[in-house]
Amino acid sequence: MGSLKVTLCAGVAVVAATLTPTAYATNPAGGVSVTPSTPAPGAEVALEVTGCSGKKATAESEAFVSDAHLVGTGGPGGSLSGETRIRTSLALGSYRVTIVCADFEVKGAIKVVAATARPAAPASPVAPVQAGGGGAAPLAAADDSRVEGPGLAHAVTGLLLAGAAAVAVLLRGTRRRGTE
(Lines give C-alpha, C1' and ligand atoms only; values in the text may rest on other atoms or scores of the structure.)
Protein backbone atom coordinates (compact mmCIF):
# COMPACT_ATOMS: atom_id res chain seq x y z
CA MET A 1 0.00 0.00 0.00
CA GLY A 2 2.96 2.37 0.65
CA SER A 3 4.27 2.04 -2.91
CA LEU A 4 0.82 3.01 -4.29
CA LYS A 5 0.95 6.30 -2.34
CA VAL A 6 4.45 7.02 -3.62
CA THR A 7 3.39 6.25 -7.20
CA LEU A 8 0.33 8.52 -6.96
CA CYS A 9 2.36 11.38 -5.42
CA ALA A 10 5.03 11.03 -8.11
CA GLY A 11 2.34 11.07 -10.82
CA VAL A 12 0.74 14.21 -9.37
CA ALA A 13 4.16 15.89 -9.18
CA VAL A 14 4.92 15.05 -12.84
CA VAL A 15 1.52 16.35 -14.00
CA ALA A 16 1.94 19.56 -11.97
CA ALA A 17 5.45 20.12 -13.37
CA THR A 18 4.32 19.68 -16.98
CA LEU A 19 1.26 21.93 -16.62
CA THR A 20 3.13 24.79 -14.95
CA PRO A 21 4.08 27.53 -17.46
CA THR A 22 7.78 28.14 -18.01
CA ALA A 23 7.40 31.79 -17.01
CA TYR A 24 6.08 31.17 -13.51
CA ALA A 25 8.10 31.89 -10.41
CA THR A 26 6.93 31.49 -6.86
CA ASN A 27 7.82 33.39 -3.76
CA PRO A 28 6.57 32.85 -0.21
CA ALA A 29 4.83 36.22 -0.46
CA GLY A 30 3.22 35.56 -3.87
CA GLY A 31 3.86 34.60 -7.48
CA VAL A 32 4.08 35.93 -11.01
CA SER A 33 2.77 34.58 -14.28
CA VAL A 34 3.31 35.63 -17.89
CA THR A 35 0.75 34.90 -20.64
CA PRO A 36 1.62 33.51 -23.13
CA SER A 37 4.33 31.66 -21.25
CA THR A 38 6.52 31.30 -24.37
CA PRO A 39 5.97 34.38 -26.55
CA ALA A 40 7.55 35.14 -29.90
CA PRO A 41 9.44 38.37 -30.68
CA GLY A 42 6.95 41.22 -31.16
CA ALA A 43 4.19 39.51 -29.17
CA GLU A 44 2.20 41.22 -26.42
CA VAL A 45 2.42 39.59 -23.01
CA ALA A 46 0.21 39.98 -19.95
CA LEU A 47 1.86 39.84 -16.54
CA GLU A 48 0.18 39.16 -13.21
CA VAL A 49 1.62 39.13 -9.70
CA THR A 50 -0.15 37.99 -6.52
CA GLY A 51 0.64 38.63 -2.90
CA CYS A 52 1.90 42.20 -3.23
CA SER A 53 0.60 44.50 -0.49
CA GLY A 54 0.90 47.60 -2.69
CA LYS A 55 -1.34 48.66 -5.56
CA LYS A 56 1.53 49.16 -8.04
CA ALA A 57 4.51 47.14 -9.26
CA THR A 58 7.02 47.28 -12.09
CA ALA A 59 8.13 44.35 -14.27
CA GLU A 60 11.55 44.73 -15.87
CA SER A 61 13.27 42.56 -18.45
CA GLU A 62 15.74 42.89 -21.28
CA ALA A 63 13.12 41.12 -23.41
CA PHE A 64 10.50 43.87 -22.96
CA VAL A 65 10.20 46.94 -25.19
CA SER A 66 9.51 48.94 -22.01
CA ASP A 67 8.92 48.17 -18.36
CA ALA A 68 5.43 46.92 -17.57
CA HIS A 69 3.55 48.92 -14.96
CA LEU A 70 1.29 46.59 -13.01
CA VAL A 71 -1.74 47.93 -11.15
CA GLY A 72 -4.63 46.36 -9.26
CA THR A 73 -6.04 45.71 -5.82
CA GLY A 74 -2.95 44.16 -4.24
CA GLY A 75 -3.04 42.60 -0.79
CA PRO A 76 -3.09 38.93 0.21
CA GLY A 77 -6.06 38.01 -2.01
CA GLY A 78 -5.52 40.60 -4.72
CA SER A 79 -3.39 40.74 -7.80
CA LEU A 80 -1.63 43.32 -9.95
CA SER A 81 -1.61 43.04 -13.74
CA GLY A 82 -0.24 44.83 -16.77
CA GLU A 83 0.91 44.35 -20.35
CA THR A 84 4.03 44.94 -22.39
CA ARG A 85 5.50 43.81 -25.72
CA ILE A 86 8.48 41.58 -26.48
CA ARG A 87 11.22 43.26 -28.55
CA THR A 88 10.98 42.34 -32.23
CA SER A 89 14.76 42.26 -32.70
CA LEU A 90 15.27 39.87 -29.78
CA ALA A 91 17.28 36.67 -30.14
CA LEU A 92 15.47 33.49 -29.14
CA GLY A 93 16.23 32.20 -25.66
CA SER A 94 15.55 32.69 -21.97
CA TYR A 95 15.46 36.15 -20.35
CA ARG A 96 15.18 37.21 -16.70
CA VAL A 97 12.05 38.99 -15.50
CA THR A 98 12.12 40.98 -12.26
CA ILE A 99 8.97 42.34 -10.66
CA VAL A 100 9.52 44.92 -7.94
CA CYS A 101 6.58 45.31 -5.60
CA ALA A 102 6.07 47.35 -2.43
CA ASP A 103 7.19 44.57 -0.08
CA PHE A 104 9.03 41.98 -2.18
CA GLU A 105 10.84 41.27 -5.42
CA VAL A 106 10.04 38.30 -7.65
CA LYS A 107 12.52 36.98 -10.17
CA GLY A 108 11.61 34.61 -12.93
CA ALA A 109 12.39 33.85 -16.54
CA ILE A 110 10.60 34.12 -19.84
CA LYS A 111 11.46 31.95 -22.81
CA VAL A 112 11.20 33.68 -26.19
CA VAL A 113 10.51 31.23 -29.01
CA ALA A 114 10.14 31.49 -32.78
CA ALA A 115 6.73 32.52 -34.09
CA THR A 116 4.76 29.51 -35.29
CA ALA A 117 2.10 31.31 -37.31
CA ARG A 118 1.24 34.81 -38.34
CA PRO A 119 -1.28 36.48 -36.03
CA ALA A 120 -4.86 36.56 -37.30
CA ALA A 121 -5.14 40.35 -36.96
CA PRO A 122 -2.41 43.00 -36.87
CA ALA A 123 -1.85 44.80 -33.58
CA SER A 124 -2.61 48.18 -35.14
CA PRO A 125 -4.55 49.32 -38.20
CA VAL A 126 -2.73 48.98 -41.50
CA ALA A 127 -5.34 50.80 -43.58
CA PRO A 128 -7.80 53.64 -43.03
CA VAL A 129 -10.39 52.75 -40.44
CA GLN A 130 -14.08 53.50 -41.03
CA ALA A 131 -14.74 55.44 -37.86
CA GLY A 132 -16.66 58.51 -36.84
CA GLY A 133 -19.09 60.40 -38.99
CA GLY A 134 -22.13 59.43 -36.95
CA GLY A 135 -25.09 58.91 -39.24
CA ALA A 136 -23.02 59.92 -42.26
CA ALA A 137 -20.64 56.96 -41.90
CA PRO A 138 -22.63 54.67 -44.24
CA LEU A 139 -22.74 57.45 -46.83
CA ALA A 140 -19.01 58.05 -46.57
CA ALA A 141 -18.27 54.35 -46.80
CA ALA A 142 -20.22 53.89 -50.04
CA ASP A 143 -18.24 52.47 -52.93
CA ASP A 144 -19.68 54.99 -55.39
CA SER A 145 -17.13 57.81 -55.33
CA ARG A 146 -18.93 59.91 -57.98
CA VAL A 147 -20.61 62.92 -56.43
CA GLU A 148 -23.52 64.54 -58.23
CA GLY A 149 -24.41 68.21 -57.92
CA PRO A 150 -27.91 69.67 -57.60
CA GLY A 151 -30.42 68.65 -60.24
CA LEU A 152 -32.97 70.64 -62.25
CA ALA A 153 -35.46 70.72 -59.36
CA HIS A 154 -32.87 72.29 -57.06
CA ALA A 155 -31.97 74.92 -59.66
CA VAL A 156 -35.60 75.92 -60.21
CA THR A 157 -36.25 76.11 -56.45
CA GLY A 158 -33.16 78.28 -55.98
CA LEU A 159 -34.23 80.66 -58.76
CA LEU A 160 -37.74 80.99 -57.32
CA LEU A 161 -36.36 81.78 -53.84
CA ALA A 162 -33.91 84.33 -55.24
CA GLY A 163 -36.74 85.99 -57.22
CA ALA A 164 -38.96 86.12 -54.12
CA ALA A 165 -36.15 87.71 -52.12
CA ALA A 166 -35.56 90.32 -54.85
CA VAL A 167 -39.27 91.20 -54.93
CA ALA A 168 -39.34 91.53 -51.12
CA VAL A 169 -36.36 93.90 -51.20
CA LEU A 170 -37.95 96.04 -53.93
CA LEU A 171 -41.29 96.25 -52.14
CA ARG A 172 -39.66 97.19 -48.87
CA GLY A 173 -37.58 99.87 -50.58
CA THR A 174 -40.61 101.42 -52.29
CA ARG A 175 -42.63 101.38 -49.06
CA ARG A 176 -39.88 103.28 -47.23
CA ARG A 177 -39.70 105.91 -49.95
CA GLY A 178 -43.47 106.37 -49.94
CA THR A 179 -43.65 106.99 -46.17
CA GLU A 180 -40.96 109.65 -46.12
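**Exercise 1.** Find what share of the contacts with a separation of 6 or more joins residues 24 or more positions apart.

*Solution.* Start with the term: a contact means heavy atoms within 4.5 Å. Among contacts in the protein with a separation of 6 or more, 50% link residues 24 or more positions apart. A word on the model: it is predicted, so local features need pLDDT of at least 70 and side-chain atom pairs pLDDT 80 or more, while totals for chains, interfaces and linings use all residues. Residues are numbered from 1 along each chain as its sequence is written, and side-chain values use heavy atoms, leaving out hydrogens and water.

**Exercise 2.** Describe the two faces of strand S6 and find its partners.

*Solution.* First, the faces: in S6 (residues 79-85), Leu80, Gly82 and Thr84 form the covered face, while Ser79, Ser81, Glu83 and Arg85 form the uncovered one. Next, the partners, where pairing takes at least two DSSP bridges between two strands. S3 and S6 pair antiparallel over seven bridges, with Val45 opposite Thr84 in S6. S5 and S6 also pair antiparallel, over two bridges, and here Gly72 stands opposite Leu80.

**Exercise 3.** Which residues does Ala63 contact, leaving aside neighbours within four places in sequence?

*Solution.* Ala63 is in contact with Arg85, Ile86, Arg87, Leu90, Tyr95, Ile110 and Val112.

Terms used:
Buried < 20%, exposed > 50% of the residue type's maximum accessible area, 1.4 Å probe, protein only. Helix = DSSP H or I, 4+ residues; strand = E, 2+ residues; numbered from the N terminus.
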